[in-house]
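I set out to record, entry by entry, what I looked up in one protein chain. The structure comes first, and my notes follow.

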Amino acid sequence: MSMSIASHSSSPPPKAPYTDHDDEEKINAALNRYKEKIATLPKEKGWVTKDLYMYQGFWHQPGRVNSIEALMAIQDTFKAHPTDIYLATMPKSGTTWLKALVFALVKRHHYKNNTKSTHPLLVSNPHVCLPGITIEIFRNTPFYAEGDSPRLFATHIPYPLLSQSILDSGCRLVYLCRNPKDVLVSLFHFANKLRDKSLGLMTFEEAYQLFSKGVMPNGPYWDHVKGYRKASLEHPENVFFLTYEEMSVDIVDVVKRLANFLGYPFTEKEEAEGTVNEIVKLCGFKNLSEVNKHGLNNVFFREGKVGDWKNYLTDEMSRNLDEITEEKFKGLDISFPI
Ligand code: A3P
């Protein structure tokens, strides 16, 4: 029987690793361990946080999640498994969409024919179903448990900064990138929703200036994409490179290719039963934005379109970003249709 979106699950939905406060001291100690080192780093104005710090050629925000502290901790302690699957993105490139799709397709047998509760993606956020590798590794939550295979993780860490353990593990990695002009617009809105009130709102001009200089969390954008793109060309068996734009054009094809790459190909029977389309629908903008319409969960859903940048960038801004992109991506065979 095919996986039904409305079907019920016998497995409880995964819990957010960050809702449980039992290991607070351990985590704070881990965060503090890097404080002195971080204080010596070059700083720039941040988007969501007050500052960004330059470390190993990229800008990072301080804090707990997707932070410089987490990066340092991961580089020091994280142990990858060969069966792990990592989803890597620049923030605002479609991480939420990719997380939902990979979770749904890898776990499709887990959540079929169930009767007790609904599919996790119908009751919780994709960021809860498929968490980032963050400082929370110190909690040793079930997400990091040795026995759970494959472990699914997301990260914004640039390729050259990934922990050696991940690079040596032979695991699979999916990288999703998006037209930088749409990333800029998406990040501008996201930052203004999440910024500390004391920082005031950013203007679009301010956001554009920072973005063009490469100053954004995990940026420069171009260096981030370049690292993963090169890795995908050199190690296509380990690194699968995707764009938000190709997903928007033919998501069914992308899901099938993703399933093959990850080692979870759809059988003829599944295809005939419409399993691919069910996953696509389950993870589509319409469904996910409806499920996540309350509270902070909705911050990950805005327009979900290709080319919204046309409503924000002047001709000059657009030309300038195009020139940078063309120069930086020379020879990498990356293009954005709009
Ligand atoms: P916009 O701000 O342009 O609408 P991330 O998940 O990396 O934070 O990226 C967020 C962007 O992806 C937002 O773009 C958001 O609307 C879009 N998005 C989220 N879920 C999506 C989905 N299921 N399908 C298509 N786009 C999605």
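Entry 1: Phe78. I began with Phe78, which counts as buried because its relative accessibility is 6%; buried means under 20% relative accessible area, exposed over 50%, and partly exposed in between, with a 1.4 Å probe and protein chains only. I found Phe78 in the loop between helix H3 (68–77) and strand S5 (85–89). Helices (H or I, at least four residues) and strands (E, at least two) are DSSP runs, numbered from the N terminus. From Phe78 to Thr134 I noted 56 residues in sequence and 9.8 Å in space, C-alpha to C-alpha.

Entry 2: the basis of the notes. The model is predicted, so local features need pLDDT of at least 70 and side-chain atom pairs count only at pLDDT 80 or more, while totals for chains, interfaces and linings use all residues. Residues are numbered from 1 along each chain as its sequence is written, and side-chain values use heavy atoms, with hydrogens and water left out.

Entry 3: the chain as a whole. I recorded 16 helices and 9 strands. Of the 338 residues in the chain, 57% are buried. I also looked up contacts, meaning heavy atoms within 4.5 Å. Among those between residues at least 6 apart in sequence, 76% join residues at least 24 apart.

Entry 4: backbone geometry. Most residues other than glycine have a negative phi, and most peptide bonds are trans. I therefore looked for exceptions to this rule. Lys92 has a positive phi, near 75°. Lys92 sits in the loop between S5 and helix H4 (95–106) and is buried, at a relative accessible area of 13%. Asn218 also has a positive phi, near 70°. The loop between H9 and H10 holds Asn218, which is buried at 7% relative accessibility. The peptide bond joining Gly219 and Pro220 is cis, with omega about 5°. Pro220 belongs to the loop between helix H9 (204–212) and helix H10 (221–234).

Entry 5: nonpolar cores. In soluble globular proteins, nonpolar side chains tend to be buried together. A nonpolar core is a set of buried Ala, Val, Leu, Ile, Met, Phe, Trp, Tyr and Cys residues joined through side-chain atoms within 4.5 Å. Which residues have the most contacts inside the largest nonpolar core? They are Trp47, Tyr86, Leu184, Phe211 and Tyr221, in a core of 64 residues. Helix H8 (residues 180–194) gives this core its largest share, 7 residues. I noted a second, separate core of 38 residues, which includes Leu98, Phe240, Met247 and Phe266.

Entry 6: Asn292. Is Asn292 buried or exposed? Asn292 is buried, with a relative accessible area of 1%, and lies in the loop between helix H15 (285–291) and helix H16 (315–328). Its side chain reaches the backbone oxygen of Leu288 at 2.8 Å. Leaving aside neighbours within four places in sequence, I found Asn292 in contact with residues including Ser124, Pro126 and Phe301.

Entry 7: a helix pair. Two packed helices are described by the angle between their axes and the distance between the axes. For H10 and H16 I recorded an angle of about 30° and axes 10 Å apart. H10 and H16 are therefore roughly parallel to each other, as angles under 35 degrees count as roughly parallel, over 145 as roughly antiparallel, 65 to 115 as roughly perpendicular and the rest as oblique. The contact is made by Trp222, Asp223 and Lys226 of H10 with Leu321, Ile324, Thr325 and Lys328 of H16.

Key:
Polar contact = N/O pair within 3.5 Å; in protein donor to acceptor, adjacent residues only side chain to side chain. Axes fitted to C-alpha atoms, helices over the stretch in contact; angles between N-to-C directions.
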